[in-house]
Each structure stands twice: as C-alpha cells, then as structure tokens.
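These are my notebook entries from one sitting with the structure below.

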Amino acid sequence: MTPADLSRTVLHAVRRAVADGALDAPVPESVSVERPRPGGCGDYATNVALRLAGPAHQPPRAVAEALRDRIAGQPGIASIEITGPGFLNITLHSGAQQELVDRVRQQGAAYGHSGQLAGVAVRFEAGEELRARVWADVLGRLLRSQGAETGHGEVERLHVVPAPDQTQDPAADATRWALLSAAAHDRPRTGPHLLVQHESNPLFTVRYAHARSRALSRNAGRLGIITEPAAEQATVDAPALTGAIGDHPAVLASAARLRAPDRLARHLEATADALLSFQHTVLPLGDEKPSAAHRSRLALAEAAGTVLAGGLSLLGISAPDYL
C-alpha cells in the first residue's frame with residue numbers, strides 16, 4: 001500500500017462517516033498522510049480528525065475514534081492508534097512491503113504514474129531563459145506522468161530565478177540537476193562541483209546509488225540469488241528505504257501539481273541515501289549462505305533502483321548501470 005492508496009482509504013472512511021451521520025462536516029478533497037512525528041507510532045499518521053473537528057463541532061479525539069472504526073479492517077491495514085489530541089497512527093499489514101515491491105516490479109519505470117491530473121491541459125511560456133526552458137520540459141514530463149496534456153490549453157508563465165550562466169548545455173546531466181534541484185525562488189548553483197565523483201555531490205550520489213542497485217543484481221545472479229515475482233518475500237527491516245519507495249507516487253503527483261521538480265530531486269536524494277545505507281545487508285557475507293532473506297533484500301534494493309531510474313528519466317537525466 002502506497003501513501004496515495006492509504007490517503008484514499010482514509011478519505012473513503014471520512015465519506016462513510018459523513019454518510020452514516022457520525023460526522024456532520026464537509027468531505028475534504030484530499031487527505032494527507034505522512035511519516036509519524038516524534039511521539040507517534042506506526043508507519044503513517046494523519047491529522048484529518050483535527051481538521052474535521054471544528055466543522056463537525058466535535059472533539060478531535062471523538063472524530064478520530066469514528067474514523068478509526070471505519071479504517072480498521074480495510075485491506076492492508078494492520079492496526080490504528082490514536083495519539084495526542086487526535087492523530088491517527090496507522091500500521092500497515094506485514095505483507096504491505098511485498099505488495100509494494102511487486103507493484104514496482106510490475107509497473108517498472110511507470111511506477112508512480114497515474115491519471116490524477118486527467119483532463120488538465122496546460123502549456124508553459126518559458127521564453128529563451130535557460131532555466132525556464134529546462135523547467136518547462138521537465139514539468140511537461142511530470143504532468144504527462146499524471147495524466148495531464150501539455151502543449152495546449154491554459155498558458156502558464158514560469159517564474160524561476162534565472163541560471164547564472166546562460167551558455168550551459170541544457171541537455172547535460174549536471175546542468176539539468178543544478179537547474180532543477182533548487183526551488184524556483186532559489187538561485188541554482190552551477191559549476192564544476194557537480195562533476196565531482198564523490199558523495200558530497202548529490203547528483204553523483206543518486207546515480208551511484210542506482211548503479212549500485214544494478215551491481216547488486218549482477219552479483220546476486222552470480223550467487224544464484226534471483227528475485228522471483230511469484231516467490232513469497234520476508235519482511236525486511238528497512239523503514240527508510242521502504243518509505244522512500246512507497247512515497248514515490250505521492251512525490252510525483254505533488255511535483256506535477258505544485259510545478260516543483262525540485263521536490264522530485266530531493267526525493268531521489270533521500271531514496272539514494274536510504275539505499276546506500278541498506279546495500280551492505282543485501283548479499284551474503286563471508287561464509288553466510290544465500291537465503292530467502294537475501295532474496296527479499298535484493299528485491300527491495302531493485303525496487304529502489306527502479307524508482308531512481310524512473311525519477312532521473314523524468315528529470316531528463318541518464319541513469320547509467322555502471323559508474
């Protein structure tokens with residue numbers, strides 16, 4: 001279950017609570033879920049009960065209880081706890097990780113693509129400024145990944161701080177990363193530091209993490225460890241990596257909706273960091289024999305590699321298998 005799936009599950013519970021008369025409040029257009037903050041628990045948390053308490057004229061905790069009863073037992077949900085004034089903390093079923101990995105495997109580079117923006121038609125007015133042209137190109141890719149049409153429709157003018165050097169090659173990977181990884185209101189940092197082969201360079205880190213995922217697959221194959229779609233996977237203790245993979249669809253949707261490709265760049269950095277911290281557990285060490293646990297870890301690492309490759313592709317940046 002991805003955050004987008006969970007968001008829809010919670011929203012459906014709100015609709016049922018309103019239809020049943022348990023809540024007298026307008027149904028929001030969307031519900032956000034995020035990682036639990038300090039003091040929370042579970043895999044995800046939502047503050048929707050606090051948002052609805054005022055319109056419903058009920059204490060937040062009473063609203064949370066009404067929603068908990070309607071979320072509990074839904075597919076993929078293991079348990080729900082109420083913390084603080086009325087936060088819903090949701091723990092996913094133990095099979096959720098395998099479902100996530102299977103989904104990434106099935107969808108490949110299209111993982112995270114959706115029809116959320118179907119019916120939207122937009123074209124960007126970028127002019128001749130280098131950064132605006134690169135943003136227009138990538139925003140077109142992001143919007144199309146969410147079902148929107150580009151090249152016609154309502155005109156949007158892009159407002160981004162210009163690139164300091166207008167002579168750079170817009171097709172160069174380092175140039176694109178520099179222009180896309182900074183927020184629209186921030187001046188991009190261009191220069192030779194983006195060519196340094198070191199983890200201090202975020203672009204190198206992201207591409208290196210992808211290359212490591214491919215190397216893990218090659219080395220695992222030599223050891224006879226192969227991930228099979230039909231094979232049952234063990235749950236892997238890797239919350240940061242699992243969370244980053246699961247968050248990918250929501251990140252793509254928000255990057256498209258908010259016209260913010262820098263959100264995708266930051267997400268790829270987080271995914272790369274999580275994978276590089278996890279990679280050392282994937283293959284057997286020393287006299288250790290290959291096991292189902294190694295196969296499960298490999299499947300998770302391969303899913304992370306798919307996310308990195310797909311995200312870089314949307315940014316117009318290459319993802320080499322060897323680096």
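In which loop does arginine 259 lie? I found arginine 259 in the loop between helix 8 (239-257) and helix 9. I take helices (H or I, at least four residues) and strands (E, at least two) as DSSP runs, numbered from the N terminus.

Before going on, I note that this is a predicted model, in which local features need pLDDT of at least 70, side-chain atom pairs count only at pLDDT 80 or more, and totals for chains, interfaces and linings use all residues. Residues are numbered from 1 along each chain as its sequence is written, and side-chain values use heavy atoms, with hydrogens and water left out.

**Entry: positive phi**

Most residues other than glycine have a negative phi. Arginine 259 has a positive phi of about 55° although it is not a glycine. At 22% relative accessibility, arginine 259 counts as partly exposed. My terms are buried for under 20% relative accessible area, exposed for over 50%, and partly exposed in between (1.4 Å probe, protein chains only).

Histidine 57, not a glycine either, has a positive phi of about 55°. I located histidine 57 in the loop between helix 2 (48-56) and helix 3 (60-71). Histidine 57 counts as exposed because its relative accessibility is 72%.

**Entry: asparagine 89**

I placed asparagine 89 in strand 3 (residues 87-92). With a relative accessible area of 2%, asparagine 89 is buried. What does its side chain reach at 3.4 Å? The side chain of asparagine 89 reaches the backbone oxygen of phenylalanine 87.

Contact here means heavy atoms within 4.5 Å.

Alanine 178 is in helix 6 (residues 173-181) and is buried, at a relative accessible area of 3%. I found that alanine 178 touches Pro188, Arg189, Thr190 and Leu194, not counting residues up to four places away in sequence. From alanine 178 to glycine 191 I read 8.6 Å, C-alpha to C-alpha, for 13 residues in sequence.

Serine 277, in helix 9, counts as exposed at 61% relative accessibility.

**Entry: helix pairs**

Helix 4 (residues 96-107) and helix 10 (residues 292-314) pack at an angle of about 45°, with their axes 9 Å apart. Axes are lines fitted to C-alpha atoms, for helices over the stretch in contact, and angles run from 0 to 180 degrees between N-to-C directions. Helix 4 and helix 10 are therefore oblique to each other; angles under 35 degrees count as roughly parallel, over 145 as roughly antiparallel, 65 to 115 as roughly perpendicular and the rest as oblique. On the helix 4 side I noted Gln97, Val101, Val104 and Arg105, which meet Ala299, Leu300, Ala303 and Thr306 in helix 10.

Helix 7 (residues 202-222) and helix 9 (residues 261-278) pack at about 50°, with axes 9 Å apart. That angle makes helix 7 oblique to helix 9.

Definitions and conventions
A polar contact is a pair of N or O atoms within 3.5 Å; within protein, one must be able to donate a hydrogen and the other to accept it, and residues adjacent in sequence count only if both atoms are side-chain atoms.
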